[in-house]
Amino acid sequence: AAPGGGGAGGGGADDWAVDVRAERERARAAERAKAKHDAAERVREAELRAARDKKMRALQLQRDKERLRAAQQQRRRVDDVSASAVAKERDVAQQQREKWLARERERERQLEERAKAMQAKAIQERIAAREARERAMAD
């Protein structure tokens, strides 16, 4: 009905007011429904973001664990190499000490041989000197 329309005894204005109120009520209901829909959409988006973030954190955690494992393996390899290098150095040092000791023993042996030879020579010289004296006295 049109506002202020003729018709049966001016009842048209009341019908129009009822229509306007009903239209406003429908508009409010539509706004509430849209607001409710938008809120539900925001909740879904937030849930999706939370799920995606959780997945990303899980992936990052997995990557961090793999990096840690790799670093630990690398450290173990370095430790093994270091340990073998230390053992090798220790073996080389031991060999050098043994060579040095062998050289020292050889020097001592040679010195002892020289000392014995010098003692033998001194004894022979004393014997020769004694025999020379004895011959000189016998003459």
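**Overall form of the predicted chain**

Of the 139 residues of the protein chain, 1% count as buried (under 20% relative accessible area; exposed is over 50% and partly exposed lies in between, with a 1.4 Å probe and protein chains only). The structure is a predicted model, in which local features need pLDDT of at least 70, side-chain atom pairs count only at pLDDT 80 or more, and totals for chains, interfaces and linings use all residues. Residues are numbered from 1 along each chain as its sequence is written, and side-chain values use heavy atoms, leaving out hydrogens and water.

The protein chain holds one helix and zero strands (DSSP runs numbered from the N terminus: H or I of at least four residues for helices, E of at least two for strands). Its C-alpha atoms fill a box of roughly 195 × 15 × 10 Å along the principal axes. The radius of gyration is 58 Å, whereas a compact globule of 139 residues would have one near 14 Å (taken over C-alpha atoms; the globule rule is 2.2 Å times the number of residues to the power 0.38).

Lys-88 lies in helix 1 (residues 12–138). Lys-88 is exposed, at a relative accessible area of 60%.

The mean pLDDT of the protein chain is 90, and 92% of its residues reach 70 or more (pLDDT is the predictor's confidence in each residue, from 0 to 100). Over residues 1–9, pLDDT stays under 50, and the model has four contacts there beyond four places in sequence (heavy atoms within 4.5 Å). Where pLDDT is low, predicted coordinates should not be read in detail.
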